[in-house]
Number of protein chains: 2
Amino acid sequence: MNGAQSLIQTLVACGVDVCVMNPGTSEMHFVAALDSVPQMRPVLALFEGVATGAADGYARMADKPAATLLHLGPGLTNGMANIHNARRAYSPMVNIVGDHATYHKAFDAPLNSDVDAIARPLSDWLHTSTKPADVAADAARAVAAARTAPGQIATLILPADASWGDAAGPAQPLAAVARAKTADTTISAIAAALRSGERTVLLLNGLALRERGLIAATRIGQHTGARVMSDTFAGRLQRGAGRPSVQRMNYFAELALEDLKGTQHLILAGTKPPAAFFAYPDKPSQLVPEGCKVHVLATPAEDAIEALEHLAQAVGAPKHGYQVEAAKRPDQPRGKLDSAAVAAGIGALLPEQAIVVDEGNTEGIFTPLTTAGAPPHDWLYNTGGSIGIGLPLATGAALACPDRKVICLEGDGSAMYTIQALWTMARERLDVTTVIFANRSYKILNIELARVGAATVGARAKDMLDISRPNLDFVAMANSMGVDACRPETAEAFCQAFERALREPGPHLIECIV
Amino acid sequence: MNGAQSLIQTLVACGVDVCVMNPGTSEMHFVAALDSVPQMRPVLALFEGVATGAADGYARMADKPAATLLHLGPGLTNGMANIHNARRAYSPMVNIVGDHATYHKAFDAPLNSDVDAIARPLSDWLHTSTKPADVAADAARAVAAARTAPGQIATLILPADASWGDAAGPAQPLAAVARAKTADTTISAIAAALRSGERTVLLLNGLALRERGLIAATRIGQHTGARVMSDTFAGRLQRGAGRPSVQRMNYFAELALEDLKGTQHLILAGTKPPAAFFAYPDKPSQLVPEGCKVHVLATPAEDAIEALEHLAQAVGAPKHGYQVEAAKRPDQPRGKLDSAAVAAGIGALLPEQAIVVDEGNTEGIFTPLTTAGAPPHDWLYNTGGSIGIGLPLATGAALACPDRKVICLEGDGSAMYTIQALWTMARERLDVTTVIFANRSYKILNIELARVGAATVGARAKDMLDISRPNLDFVAMANSMGVDACRPETAEAFCQAFERALREPGPHLIECIV
């Protein structure tokens, strides 16, 4: 058995049985070892950002890490934007980064780079396996690190000679650091704040946005008068008819300030104090009002569900009678196809247990509204703000949940960062329906350009935010990668296309010019 | 005047007048400032790897840096693979990386990251402008650093408040550190080695591969019996009819060892000692034979042309009568379209002063042979081994040389890393003809999988190197981004398509199933 075989066997033993990869020469022993460990599912990506984004989507839905296999420093850098996003979702991930053989590094061959230094800024755990005999144990440590609450980025650098050298065998799984429980004294103190009658907001993210967390938070809110809110960008929000809903913080800082205005107690469950997404001249970055007391009920690494349920009990919130979203769908839209019509069509037709990946950005703003009363579903946002996550995230969610429909809401500009994901969807026949909101512009930047106070905005500036020269043809693009696609021109045609896409297994893309 | 305006004015004053960009909110003041400095040409890319690869291509052809504008840490990481390649080509480059406002960093907003740590491993010069008044002077230092011999990666991190705050005005250009001259004593010592009658190889890269360097090296070789060779991957090689040719070192280590076998003196001009591209079990990484004396005539940072001319004089090489490549073209191919036929067609039709970007990889191996006697042209290789450079490099070369035809030879697998470059080519109406060698495989990895000694290769391993499931349709892909494209099925049809593409201005793509 060589190091690579011991590695893959260990990953599988630790429950990591999907690896999204874009390998190169230094990873050939890993690739060759795949046939000896049939429990590992290898998934090929044409670009590394697809691999890391897919690992994020997989982790959010499977609640366990996938692995990626990346080729040396440059392969890692190609995947780093979506590692950044995954880290902000607290998604566990095990990145295996191939490197030159240990003795080869000194020759500084063309592909050589300081992989450790490149990986460090975005890795919560980082290690280089220099000996084949150590690879298995290192892999077990990597998985345990990834699974350490709330979910971490573990990067294992694998020199080629550690991969091809002799190893003893796989290593046993290690226990991961579990989520800590909130202390009773903290619960009591927060319960007292809730009973004070002062204006209180309960701000949720992470585990708190799973159905159980939402139920407990809603019970608390209804019983005490506290408002229940979520961060703007949730890693995974369970929502829909029959589930409690939660008010989302606004994206733009001035509106987010209004959200929290007058708040005297801010209780955090599964999140940290909110800040403005960007800085703007003469606007505050701090969203927490002056004098507001911040209470940490559960950090992202703590068990927010248990803490919320404990708190609900402490304040004496009734177990039943909490408000849930009523089943309600918009009518199927008719006439002109615009962002609102697309959102209505999605709301009218969203299937039960759908997974919605939302990188619809500016044009996608109506979809959360029209789907609030749709059958229960999961909603995945871009938590890190680096656009180009949607298609990969949908890919990973579909790998994790083959029995559920994945709906990927994508801006046209966003889609183009990692468009190669369409090919992996086609290759793996993933049940992903991508809806492209094509406004042919970096529209958010047109808004931001005004908001940042740029004095004069000329033609050349506007041109840098305009992606209509030339227009992108997403139907041809999808077809070029083996994905069925269409471009409906009316609301009725959109609904027909969306229904058909949901009915027919495999990936589909619907381009909506909005 | 704000910091952003002072920055762009300074860049222009320092001779940097092209900026390839993918901006975000934190770069909006930079974008807004573009209209006030019409000498700066902004070029939009849909993905940051296109921006950095284009800056590399621009620098190789213009012999001066372009700037890039990237959005925070993730935008930088998206561009880093091609920064790695550029660095290995010693291409000067000025990366402007926007960051959150200085005071906003502490809030750790979703897009926050340690940009300095991310940039450091691949930056030769790195600085954060924390004060708007300093931005101009910092920009002048960045350009000087980029222009420091042999060409460096300069990264200037620009917090949003440094961009929008008040600045005094642009800064004056600073002198860059010029290429050092080789000492006379070194020349004499190397001349003595050349006169020794022992087996000598003169290994060239960088400036030494410009026509003047090649002439001097060839004079030395002919006069002394030394063999003249180049590294496998040259940043820019001037070649074609009427120019001296140079033997290229083999890519595969065992063949490269043969190239240098028995060499007693290895003279380096514009390069460093060669090493195997990858390590393989039981094969050496070191290509320099044991006992061979290595002489550094000129490091990449030194003036290899002057050193070679000086050395030619020192050994008494005649000024005239050096051998050049005879004008010679293959006949236009007929019948079956395969890699050899594509290469023959390109050789038959390559226009004078063409710029050939070669990321043809496995299938592209015949093109250097069929074009050796074509009219004079420049040949740009991937110097860093991170695939996905070809289309961006061609984009940048075309930006630098609007009067020349750019031919981009691309593998299908390689093309997909940065396929978004096609859109920028269409947008800027660049004269680039891309030839896709579609073998529907990571063919090099199929070769490497056997070479690394992987014992058994099963179906799942092979599947990870196979990109035929589904096949990519590069005609639809190119059309989707506004690029004219076709898929000729015979050698004759290829020649017709290639001729038409050269005749008609603007980008074209020809997909060849080989």
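Predicted model: local features only at pLDDT ≥ 70, side-chain atom pairs only at ≥ 80, totals over all residues.
The contact between them draws 82 residues from chain A and 83 residues from chain B. On the side of chain A that touches chain B, the element that gives the most is α4(A), with 8 residues, and the residues of this side comprise 48 nonpolar, 24 polar and 10 charged. Because 100% of the interface residues of chain A are also interface residues in chain B, the copies meet through the same surface.

Within chain A, the domain assignment gives domain 1 (3-164), domain 2 (184-314) and domain 3 (339-513). The centres of domain 1 of chain A and domain 3 of chain A, taken over C-alpha atoms, are separated by 29 Å, and the contact between these two domains takes 25 residues from domain 1 of chain A and 25 residues from domain 3 of chain A. On the side of domain 1 of chain A that touches domain 3 of chain A, at least two residues each are supplied by β2 (41-44), α3 (48-62) and α4 (72-88) of chain A. The largest share of that side, 11 residues, comes from α3(A), and by class the side holds 15 nonpolar, 6 polar and 4 charged residues.

Two helix pairs illustrate the packing inside the chains. In chain A, the axes of helix α1 (residues 3-13) and helix α6 (residues 135-147) come within 8 Å and cross at roughly 30 degrees. As angles under 35 degrees count as roughly parallel, this makes α1(A) roughly parallel to α6(A), and the crossing of α1(A) past α6(A) is right-handed. In this pair, G3(A), S6(A), L7(A), T10(A) and L11(A) of α1(A) meet V135(A), A136(A), A139(A), A140(A) and V143(A) of α6(A), a set that divides into 7 nonpolar, 3 polar and no charged residues.

In chain B, the axes of helix α12 (residues 339-349) and helix α20 (residues 491-503) come within 10 Å and cross at roughly 40 degrees, which makes α12(B) oblique to α20(B). Here too α12(B) passes α20(B) in a right-handed crossing. The residues A341(B), V342(B), G345(B), I346(B), A348(B) and L349(B) of α12(B) meet A491(B), F494(B), C495(B), F498(B), E499(B) and L502(B) of α20(B), and the residues of this contact divide into 10 nonpolar, 1 polar and 1 charged.

Local backbone features were also examined. A cis peptide bond, with omega about -5 degrees, joins R469(A) and P470(A), and P470(A) is placed in the loop between α18 (459-463) and α19 (474-480) of chain A. In chain B, the peptide bond from A149(B) to P150(B) is cis, with omega near 0 degrees, and P150(B) lies in the loop between α6 (135-147) and β6 (153-159). D282(A), a residue other than glycine, has a positive phi near 65 degrees, and D282(A) lies in the loop between β11 (265-269) and β12 (293-298) of chain A.

Technical notes
Residues numbered from 1 in each chain as written. Chains lettered and ligands numbered in written order. Contact = placed C-beta atoms within 7 Å. Domains from an automatic or database assignment. Helix = DSSP H or I, 4+ residues; strand = E, 2+ residues; numbered from the N terminus. Nonpolar A, V, L, I, M, F, W, Y, C, P; charged D, E, K, R; others polar. Axes fitted to C-alpha atoms, helices over the stretch in contact; angles between N-to-C directions. Parallel < 35°, antiparallel > 145°, perpendicular 65-115°, else oblique. Left-handed = near helix turned anticlockwise from the far one by under 90°.
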